[in-house]
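Subject: the structure I mentioned

Hi,

Here is the structure, as promised.

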Amino acid sequence: MGSVRRVALVPAFNEEAIVGRVVDEIRAFDPSIDVVVVDDGSYDRTAEVAQEHGATVVRLPFNLGIGGAVQTGFRYAFEHGYDLAVRLDGDGQHDPSQLDRILAPVLAGEADIAVGSRFAEEGAGYRSSRSRRIGIRLLAWVVSRIVGRRVTDTTSGFQALNRRAIELFAHDYPHDYPEVEATIMVSRHRLRSVEVPVSMRERGGGRSSITALRSVYYMVKVLLAIFVGLFRRNVVPEEGTS
Ligand SMILES: Nc1nc2c(ncn2[C@@H]2O[C@H](COP(=O)(O)OP(=O)(O)OP(=O)(O)O)[C@@H](O)[C@H]2O)c(=O)[nH]1
Ligand SMILES: [Mg+2]
């Protein structure tokens, strides 16, 4: 892996409590990887903490939301010529010591994008509220039907991507419920995507964007977004635009 130009992209919104540890742990896994924290208009010290821990920080002028933050990261990766990117949440849920699992299929040239799944293994012990679990199953079923392969974790942001996938997401990334729609986008662009079993932690600090009450609302909206997305034109031509 030594010669591959690689970057870790970390979207973070008000994650001052944990983002420093996330940066340190990524470095512990791979001391020579570049770490880029996209600070999504935080009102706390997220940007300062990330910088103190040696990350490059891209500061958005105001809170764009997760999709905008993630696409900013991919643009950075594309424009700076990275061949390989990993993406981890800034709240500490993705364990950098498991990066080798998601990197393996991409480095082997078997996939353009590999996604860590909490639910790929039977009986995987990820704790979540009941309403959220039902929602997760329903979404997984809908998305699997659309993309024609089994997807178990439609909202996972723990991902490894090669240059082709970086290029696609640099040019076009959904903003509302990005991971779910992005999975479908990847399939429509005929990129090769695989799921890899991982374990995820509970949040290390801060606050989740999805409270129990909002789960149902989230489900209805995301299903609508998927439906609308089916009629969406592919923005990026099939052969790369670079
Ligand atoms: N909530 C939220 N998170 C953002 C935003 N922009 C970037 N992020 C980051 O995106 C990542 C995912 O957000 P989370 O709120 O943890 O979403 P989640 O992981 O699906 O939900 P939990 O499982 O409850 O943590 C975190 O690293 C956030 O810091 C934003 O506008 N809102
Ligand atoms: Mg999270």
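Helices (H or I, at least four residues) and strands (E, at least two) are DSSP runs, numbered from the N terminus. Two bits of bookkeeping before the findings. This is a predicted model, so local features need pLDDT of at least 70 and side-chain atom pairs count only at pLDDT 80 or more, while totals for chains, interfaces and linings use all residues. Residues are numbered from 1 along each chain as its sequence is written, chains are lettered from A and ligands numbered from 1 in the order in which they are written, and side-chain values use heavy atoms, with hydrogens and water left out.

Let me start with the sheet. It is open, has seven strands in the order S3-S2-S1-S4-S6-S5-S7, and its pairing is mixed; two strands count as paired if DSSP finds at least two bridges between them. At the edges sit strand S3 (56-59) and strand S7 (193-197), each pairing on one side only. On average, neighbouring strands are turned by 20° against each other, direction ignored. For angles, axes are lines fitted to C-alpha atoms, for helices over the stretch in contact, and the values run from 0 to 180 degrees between N-to-C directions.

On the S3 side, S2 and S3 run parallel and share four bridges. Asp39, in strand S2 (residues 34-39), stands opposite Arg59 in S3. Helix H3 (residues 66-79) packs on the sheet and touches strand S1 (6-12), S2, S3, strand S4 (84-87) and strand S6 (159-162), with its direction at about 160° to that of S1. Contact here means heavy atoms within 4.5 Å.

Is Asp39 buried or exposed? Asp39 counts as buried because its relative accessibility is 2%, where buried means under 20% relative accessible area, exposed over 50%, and partly exposed in between (1.4 Å probe, protein chains only). Its side chain makes a polar contact with the side chain of Ser42 at 2.5 Å. By polar contact I mean a pair of N or O atoms within 3.5 Å; within protein, one must be able to donate a hydrogen and the other to accept it, and residues adjacent in sequence count only if both atoms are side-chain atoms. Leaving aside neighbours within four places in sequence, Asp39 is in contact with Ala12, Thr46, Ala47, Val57, Val58, Arg59 and Leu60.

Now the charges. The count comes to eleven salt bridges, taking a salt bridge as a side-chain nitrogen of Lys or Arg within 4 Å of a carboxyl oxygen of Asp or Glu. Arg87 takes part in a salt bridge with Glu179 (2.6 Å, N to O). That pair links distant parts of the chain, with Glu179 in helix H7 and Arg87 in strand S4, 92 residues apart, and both are buried. Arg87 also forms a salt bridge with Asp89, where the closest N and O atoms are 3.8 Å apart. Asp89 counts as buried because its relative accessible area is 16%.

Another salt bridge joins Asp112 and Arg192, with the closest N and O atoms 3.1 Å apart. This one spans 80 residues, from the loop between helix H4 (99-107) and strand S5 (113-117) to the loop between H7 and S7. Asp112 is buried at 2% relative accessible area, whereas Arg192 is partly exposed at 39%. There is also a salt-bridge network linking Arg21, Glu25, Asp95 and Arg201.

On to the metal. Asp91 (OD) and Gln93 (OE1) coordinate the magnesium ion (ligand 2) at 1.9 to 2.0 Å. Donors are N, O and S atoms within 2.8 Å of the metal (3.2 Å for Na, K and Ca), and water is not among the atoms, so sites may look incomplete. Asp91 and Gln93 are both buried.

Asn14, in the loop between S1 and helix H1 (19-29), has a positive phi of about 55° although it is not a glycine. Arg190 is another non-glycine with a positive phi, of about 60°; Arg190 sits in the loop between helix H7 (178-188) and S7 and counts as exposed, at 58% relative accessibility.

Cheers
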